[in-house]
Amino acid sequence: MRLGLFWVFLLVLLLSGGRAHSSGQWRALSHTDRSIELNPLRFANRAECAKESENPNSSAFVLLNNIPVARALSRMSQAMGLKSKEKVKLGIDVYRTGIIEILSYIHKKILSGELPILPSQNGENSSLKRYAEISQSCRSDRYCHALDRYLKQVWQASHQSEYRLKLSNIDSFTESHFLETSSNSSSRELRCSLVRKFSPLQSPLFGVEPTQAVLTDIAKSAMQGRQVLGSCDESAETTNVKVALFQVEVRETQLKNWEAVGFDYWHSLKLYFSWAWRQAKEVEPMLYPFAHLFRSVTIEESLLLVPNGCRSLVKPKCTGEQLAMNSLRELAKKEHTPRTLDVDLLNYLPKGPQAELLLDPFTKVNDDILDLGSTQQASDWLDQFYQKYSRARGFIKSKLIQSVNFFNWYFGQNLSDLIVPDLYRQFRQLLERQQGLSHERVLREKNELYHLCAEYTFAAHKDYGFLRKDFAILQKTKVVDGILQNFGWKSIDSVVGEFLMLSKKVLSFCQGLHQRKIWKNDFHLDPKGYSPWYLEKVYERKIASKRSSRSPLLLTQSQPYLSVGREGSTGTVICWTASDCLRTYLQSLIALRAASQYAGAFWTLNQQVSSPSLFNPYVERNSCRVYDPWFKTRSLFFNFFADVAQAALVTVNPGFIFSRARLQPGRVVSFQELVNEGKIEYSPVLQKEKVAFSLVADFGPLVGVPCAISITENKTGLYDFYRFAGITAGACVDSKSHSLSVASASEIGGNFESGGAGCFSCQINFESVTQVVSHAAVKGFGGFFLVRAVLGLFKALSDPFNIPDNWQVRIDYVVETYRKFGEIPKKCVSPLKKGERCLLDPCEEVAANRVEQDFASTVEWIDSSRYGKTKVKVYEHAEPVILNTYYSAPSEGSFDPDDLGSCTTDWRPDYPASWKERGAI
Amino acid sequence: MKKALVAAFVLFLTISPLTSLGLGLSSVWDVKRNEKFLELVCGEKDEDCTTVCYGDRVCKYREGYCFNCIGGSLVLSHFFEGVGEIYVNSGEVVSSKEILGLIQSGNFVTITSQSEFNLVYRFNSRELKSRFQKLCHSMSSQPLVFAEVHPESKHIESFPFVQCDDAVYRLTSLWSGAKILVP
């Protein structure tokens, strides 16, 4: 009998398990697992990720390379005569924890309003007058001493009493420069975790949408706690000595206007950090006993702050520096190992970081693009990354040093006036009589001459020299001058200027040669004598250059043309002959060009740590207008409109150009592509080439936004033509040039009104587009086109990649659901991915929300009886609280199986005395 | 090992040569605080030196820090790769006043083949040692190179001197001194 009762009890217990009202069935959390707190996970598809890149991230990874410091510590220990590695180990631990401590210290000072935030964008309307002046006066290629002095003043004032008053004497600081945060001191802490393994807690990097399986994995990972996320003060010895990966987070919910101040926050944090690292006395205890030594560390090159997800830490701009910085993403991919690194930046003639955008504009995102999942430990991935980073950096450094050496030798000897006459002299015998020259010698000299002329023509010919434009750009960039300051370096302007002058003379020399006579039929060209850069470009690396090893063969005299060394010795040869020197000049300039394209990724001159967006390749695709996150949305409405319009059009207006493109699923088509693919209809009165040209040229800012364009003599009557609600367009033509200037939808107004300069604008109002359907229906535009339009709209809206879509998941809610049910019920997937709580019981949810709102507590279990009382137990208190809850069943006639009814609770719950003592929020 | 830790200072350069100026310069490490000092031993009757030494004959100056010297500094990489070949002893002996002026300003760091800033070669490697030795006439000496740093930012601005056994010499760059042989 007793046994029978037991089985009945067990059966009841099991049957009630699905609803789990009993407190004992909630899975418990250990103390350490409860301490893991993370910001909500933001999931995004391609278009959303591109769009999100314009917003500040509140979560970042700190990528730390210990190797340079470890080497310095090791050398110092050896210099001290210490054989043990104790000092190195201790030093690395201090270094790691010190960096996090300093970041946390500055973060806390910013969030407590002691340190002001400094604007990341400095325009004319900057609110900080002096800071704006300093930022604008500082050249990007020079170290900014004025900024150092300013930061010093601000820092020192912030450590004094009445700091607000003192700060206002330094610059025009107002309340808006101090972040408003809650008074709760724990909320001002910078959250920090050591990333041991990449796990579902970083799942937005691995997948687009949080499915039931993903949510389950998130819950399990969060409950594993410290196995995946460690403590930031752990010793390097227990993890990885060479590198460290941390995840730091700002409690976004504590900042009312994070979206507005986020970029300024990161900008300020990084500026203060770099300054304090070297100059602030307050951080010395955090780096003791290595503070003095560590001040010499190039902290900006050993540390990267990388946004965790689609959002950015720096406001994206389509600049060379940001493109170069984001190209580090290539180094983070598994396909490149440190030994077999094959990336553009290692080429003699790299295409540049912008080329990748055009080659692969619609690349993957949020699909573990950096192969994080392929390594056991997160530090293994980072270790590989920094090995590749060091190799790439070393390669560029070597190029820079070789080039700067050559140019310094060249200019030091004032070869400018000598070298071309010496070139004529070098080949005089070959060109005039060849008597006394062996056959082998003649062949060698002819080859050298051929190589010289080919290389200079290829690079610098005034019409088709393919590097001429690049050199002109190089001449204007300041990056090389910035890196090479204190090197006795002339300037990139004078180095390129000299080349342009030299190339003119060399090309004139080459063009003056009697080519048929010199290189007759019996001439055998040896391609191995070309410079490596030429072979890479022209022969596609199929032949290896032997130019350097053949150089001594060129020697016609007993001494090389230019060498360096002590008196009486040949020393180091700089170049063997005048032609060799000229070719080395070109080669060195090409090396500088290559280095300058990616230098921004390895040498930061901004006096702050860099923040490449490693996980979001759409940052630069969006900022450079290669990918428009709104394109598909716009274009699908446009296509919709186009079909409706086609149904309506009865006559073709002269000069009317209309896009008839159909987008392929999963593919974003830019306007330029449409033009290139000939999918633009054009009026017979206009020449096709001319139209295509003007469209490509004038639509530069609008790439990716096809519009119907009407070119008319004036703008009268356009609205009559485009009569559909929600879509307007207007155009006017400059009476002189007939060129179109285009304004984007957001810029409509000014251009449209000003009739003088020729204008075009288009605007699609998505919100009212539905009116088009009703309008069309009323007017009786039926038939095929209208059906196709509606069908197309429906299909296009379900594009999983190119219609912005996002989800937000609160890890604590996912864990809560998992703890209650032992799984993530299917019904909970939808609310959880909206960032909502899901306990499948309205009274439990309302009670949990209420307690969470009043106390910063973690729910241990909840028991809702539905008879007016709901018991909530939180970890922080021994006794549960009982709240009065008022349940309302679903309304009669509700057929929604997911409708569980609703519930309310007391306006002022009666919390136990012990709870009140701990204090409500 | 223990002995080394107990001792407050360890002589980095065991030789503290008295130059022809009568001035002895050597680098020493504070093992506890991990800071490097330049030790000055003034020659007899060298009043300039004793003034710098606050009236004493022997004193220590803490070396300043050096901006971006532990990392990928191009200037330092170039120096370590070119020391003895591009950066050479000019043969000009530097006055003690000039040296003391730099020391007193505190805007300097010293560099040897055992430098903590050398991330290019192994510690005191044979190759680096031999390059440094090319800076002095006597191959047995441990040349001590002075790098002058910017008073505010602490960037290396130049490598003005090298101390050899017998004197402190001006260091120069051979960039402007290459031999040219016109064919």
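1. In this predicted model, chain A and chain B together bury about 5,200 Å², and 60% of that area lies on carbon and sulfur atoms. On the side of chain A, the residues that lose the most area to chain B are Arg75(A), Met80(A) and His292(A), which together account for 14% of what that side buries. The contact involves 58 residues from chain A and 55 residues from chain B.

2. Polar and charged pairings also link the two chains. Between chain A and chain B, 16 residue pairs are in polar contact. One salt bridge is found across the interface: Arg149(A) pairs with Glu152(B), with the closest N and O atoms 2.7 Å apart. Several elements give two or more residues to the side of chain A that touches chain B, among them α4 (67-79), α7 (145-158), α10 (258-279), α16 (378-412) and β7 (562-564) of chain A. By class, that side of chain A has 25 nonpolar, 20 polar and 13 charged residues.

3. The backbone of chain A deserves a separate remark. Most peptide bonds are trans, and most residues other than glycine have a negative phi. Tyr288(A) and Pro289(A) are joined by a cis peptide bond, with omega about 0 degrees. Pro289(A) belongs to the loop between α10 and α11 of chain A.

4. Two residues have a positive phi without being glycine. Asn414(A), with phi about 50 degrees, sits in the loop between α16 and α17 of chain A. Asn414(A) counts as exposed because its relative accessibility is 58%, and exposed means over 50%. For Arg541(A), phi is near 65 degrees; this residue lies in the loop between α24 (532-538) and α25 (547-554) of chain A.

Definitions and conventions: Residues are numbered from 1 along each chain as its sequence is written. Chains are lettered from A and ligands numbered from 1 in the order in which they are written. This is a predicted model: local features need pLDDT of at least 70, side-chain atom pairs count only at pLDDT 80 or more; totals for chains, interfaces and linings use all residues. Side-chain values use heavy atoms; hydrogens and water are left out. Contact means heavy atoms within 4.5 Å. Buried area is the accessible area (1.4 Å probe) that two parts lose on being put together, summed over both. A salt bridge is a side-chain nitrogen of Lys or Arg within 4 Å of a carboxyl oxygen of Asp or Glu. A polar contact is a pair of N or O atoms within 3.5 Å; within protein, one must be able to donate a hydrogen and the other to accept it, and residues adjacent in sequence count only if both atoms are side-chain atoms. Helices (H or I, at least four residues) and strands (E, at least two) are DSSP runs, numbered from the N terminus. Ala, Val, Leu, Ile, Met, Phe, Trp, Tyr, Cys and Pro count as nonpolar, Asp, Glu, Lys and Arg as charged, and the others, Gly among them, as polar. Buried means under 20% relative accessible area, exposed over 50%, partly exposed in between (1.4 Å probe, protein chains only).
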